[in-house]
Structure formats: structure tokens, C-alpha cells
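Hi,

Here is the structure I promised to pass on. Have a look at it first, and then read on for what turned up.

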Amino acid sequence: MKVVLFCGGYGMRMRSGAADDVPKPMAMVGPRPLIWHVMRYYAHYGHREFILCLGYGAHHIKDFFLNYEETTSNDFVLRGGRTELLSTDIADWTITFAQTGIESPIGERLRRVRHHLEGDEMFLANYADVLTDAPLPEMIDRFARRDAGASMMVVPPQSSFHCVELGENGLVGGITAVSELPLWENGGYFVLRQEVFDHIPEGGDLVADGCAQLAKRGRLVAHRHRGFWKPTDTVKERAALDEAYARGDRPWAVWERDGAGVSA
């Protein structure tokens, strides 16, 4: 199944200065950028055909793959001055690099690569900056059995704040952690059918337009995930993932857990 990755946004909260034009999916976690970890997750489950929706800082993503160094994350033998890889990451990947505009919303980026998805009843989509250990085959199978236009993975609220219940007299009636409320938020992992394109206008958004319209029609399903899920919206969040990687705490690296390890 093809995987569409949205990797053209500015990622302003991840930038260290005006001269920093590296897109957020290229922020490093261990020896590889975020987008590699996301792609490795999908490839582990057999989905190795990727469509990258490029925009801001596209040359960084292109250069990374055009000059990809397999020895960074694979064991190898150096024999007679020549490298013999014992395993590879991307040798069986197909990657389409599509420029989808600097300012384009997510929905418009998807619209602009629609021709790459012709003939595909279902496809996968992702923001390319969120890591998870969610069971992808289960997510896909559940959606395949449903008569729906889209599936969105949802996760419990990640905020550490508390909500306060106030009475009319100003007294606090209760305090509840946001994470304990019966709420769910968009987890950024989608399984989509072609139907989603019917609800994304020119310049539109995937969630606010496409998914919202499908929800109104009873055509959007949710896959609830309570396991590992971490966004990288800020430098602090990215640094926390990098530190976790360094100490071997990598629940998102399902390829390591299931016996197809990557050398640190």
C-alpha cells in the first residue's frame, strides 16, 4: 500500500534561527532524521512505496536520500577497500519526490499527488513527524472491513495540565487531569480511501475539511491507541526522543523489537 508523507511545512517551533531552513521531518533522532523513523515503521510492515509531499526545505530531504549512507544504520564488512552490506534499509523502497508548494495546506498537498494514487482503493498518510508503536496491520484490517472513507488514529490528550470545574459561587468543584478526560486527539496516522478527495476543496485541509465532512456523513472511523505515541512539535520534544534513542528506549522502533534490528 502506498504511503503519502506530508513533509513540506515550516516547523517554526523546531527552528533554531532564521538561517535554519531544515524542515521538521529532517530533525535528527539518533543517527537518522524523523522521516526515516516514520518510513522505517511503514516499511517494517511491508509498505515500501512512499510519496513525499515536499515544500519548505525540500532540498534537505532530497539530498538525504540521494546521498543515503547505508552503513550508518546497518552492519557491514569492509573487504579489500570495498563495503559489503550485511543488511539494508532502503534498497527495496520506492520514493516519489513531489514538490507540492511552500504554503500549501495538508489537504492541498494531498490533492497535488492524487495522480500518483490512481488505481489505489486505499492508501496510507502521515505527517512524517510523529512516532508510535501502533499496530499498523490491525489499523488497516479494521478499516478495510468498514464501509468508510477514512480512518484516523486517535490518542489520549497529551497535555500535563489540569481542568478545573467551577461553581457559580467561584468555588472549585473538582480538578481533573486533561489526560483523564474522555477526549481523544488526532494521532496523525491515516488510512484513506479515494472518497476523501471528494471532500477536500482546492487549498483545503485534510482534517478540517476532508475528515470533518466525512465525519458529518458517518464515513470517518477512529482507531484508538493508548500505547506509545510522541509528537515532535518543539525542540524539547525532539530532544526527549533523541535522548530516549541514546539510552535504548525506542518503543517506536518496531523493526528492532520484532527481530529486524538496526545497529545504533
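Leaving aside its neighbours within four places in sequence, which residues is Leu-192 in contact with? Keep in mind that this is a predicted model. The contacts of Leu-192 are Leu-110, Glu-121, Met-122, Phe-123, Ala-125, Phe-143, Gly-149, Ala-150 and Leu-206. Leu-192 itself sits in strand β13. With a relative accessible area of 0%, Leu-192 is buried, because anything under 20% gets that label.

Seven strands make up an open sheet with mixed pairing, and their order is β7-β4-β1-β8-β13-β10-β14. At the edges you'll find β7 (94-99) and β14 (220-224), each pairing on one side only. From one strand to the next, the twist averages 25°. Strand β4 (residues 49-54) runs parallel to β7, and six bridges join the two. To find that spot on your screen, look for Leu-52, which stands opposite Phe-97 in β7.

Two helices that pack on this sheet are worth a look. Helix α1 (residues 34-44) touches β1 (2-7), β4, β7, β8 (122-126) and β13 (185-193), and its direction makes about 165° with that of β1. Helix α5 (residues 206-216) touches β1, β10 (150-155), β13 and β14, with its direction at about 70° to that of β13.

Next, the charged pairs. The count comes to 16 salt bridges, and here are some of them.

- Glu-108 and Arg-112 form a salt bridge, their closest N and O atoms being 2.8 Å apart. The two are four residues apart in helix α3 (residues 106-112), so about one helical turn separates them. Glu-108 counts as buried at 7% relative accessibility, whereas Arg-112, at 40%, counts as partly exposed.
- Glu-195 and Arg-219 meet through their side chains in a salt bridge (2.7 Å, N to O). This pair links distant parts of the chain, 24 residues apart: Glu-195 is in the loop between β13 and α5, and Arg-219 is in the loop between α5 and β14. Arg-219 is buried, with a relative accessible area of 18%.
- Arg-250 and Glu-256 also have side chains that meet in a salt bridge (3.1 Å, N to O). Arg-250 counts as buried at 15% relative accessibility, while Glu-256 counts as partly exposed at 25%.

There is a network too: salt bridges that share partners join Lys-24, Asp-129 and Asp-233.

Last, the surface. Which residues make the nonpolar surface patch of about 410 Å²? That patch is made by Val-164, Leu-166, Val-172 and Ile-175. Strands β11 (162-166) and β12 (172-177) are the elements that give two or more residues to the patch. Val-172 lies in β12, and its relative accessible area of 48% makes Val-172 partly exposed.

That's what I have for now.

Cheers

Technical notes
Residues are numbered from 1 along each chain as its sequence is written. This is a predicted model: local features need pLDDT of at least 70, side-chain atom pairs count only at pLDDT 80 or more; totals for chains, interfaces and linings use all residues. Side-chain values use heavy atoms; hydrogens and water are left out. Two strands pair if DSSP finds at least two bridges between them. Axes are lines fitted to C-alpha atoms, for helices over the stretch in contact, and angles run from 0 to 180 degrees between N-to-C directions. Contact means heavy atoms within 4.5 Å. Patches are made of residues with over 30% relative accessible area and no salt bridge: like charges are joined within 9 Å, nonpolar side chains (Val, Leu, Ile, Met, Phe, Trp, Tyr) within 5 Å. Accessible areas come from the Shrake-Rupley method with a 1.4 Å probe; for residues, only the protein chains shown count as cover. A salt bridge is a side-chain nitrogen of Lys or Arg within 4 Å of a carboxyl oxygen of Asp or Glu. Buried means under 20% relative accessible area, exposed over 50%, partly exposed in between (1.4 Å probe, protein chains only).
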